[in-house]
Amino acid sequence: MSTKDQICFAVRDALEQYFRDLDGEAPQAIYDMVLAKVEKPMLEVVLDKAQGNQTRAAELLGINRNTLRKKMQEHDLI
């Protein structure tokens, strides 16, 4: 199994568990919740792999540096 598949399965399993844990409650803002929970650790790992170089991290993520900085600010990483 590839790493991409492992990530997909981990997200799927977490979402399945989320719905089980709701116990009849109505889910809300799932998209925003998932992005918030996945985006910060992704940024942290990529920045670490890029040794803090934001230009390189942005390249690895496939986004421009300004977008990376905005997302870093949103997640209190700078």
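Tutor: In what follows, buried means under 20% relative accessible area, exposed over 50%, and partly exposed in between, with a 1.4 Å probe and protein chains only. The model is predicted, so local features need pLDDT of at least 70 and side-chain atom pairs count only at pLDDT 80 or more, while totals for chains, interfaces and linings use all residues. Residues are numbered from 1 along each chain as its sequence is written, and side-chain values use heavy atoms, with hydrogens and water left out.

Student: Which pattern does the protein follow when read along the sequence?

Tutor: Helices (DSSP runs of H or I, at least four residues) and strands (runs of E, at least two) are numbered from the N terminus. The protein has four helices and zero strands. Read in order, the pattern is therefore α-α-α-α.

Student: What is the radius of gyration of the protein?

Tutor: The C-alpha trace spans about 45 × 30 × 15 Å along its principal axes. The radius of gyration is taken over C-alpha atoms, and the globule rule is 2.2 Å times the number of residues to the power 0.38. For 78 residues, a compact globule would have a value near 12 Å, but the protein has 15 Å.

Student: What share of the 78 residues in the protein is buried?

Tutor: A residue counts here if its relative accessible area is under 20%. Of the 78 residues, the buried ones make up 15%.

Student: Is Asp23 buried or exposed?

Tutor: Asp23 lies in the loop between H1 and H2. Its phi is positive, about 50°, although Asp23 is not a glycine. Because the relative accessible area of Asp23 is 69%, this residue is exposed.

Student: What is the relative accessible area of Asp76?

Tutor: Asp76 is placed in the segment after helix H4 (65–74). Phi of Asp76 is also positive in a residue other than glycine, near 55°. Asp76 is classed as exposed because its relative accessible area is 66%.

Student: How far apart are the end C-alpha atoms of residues 35–74?

Tutor: UniProt, in an unreviewed entry, lists residues 35–74 as "domain: DNA binding HTH"; such annotations may be inferred rather than shown by experiment, feature names are shortened, and positions are given in the numbering used here. Over these residues the chain is 82% helix and 0% strand. The separation of the end C-alpha atoms is 12 Å.
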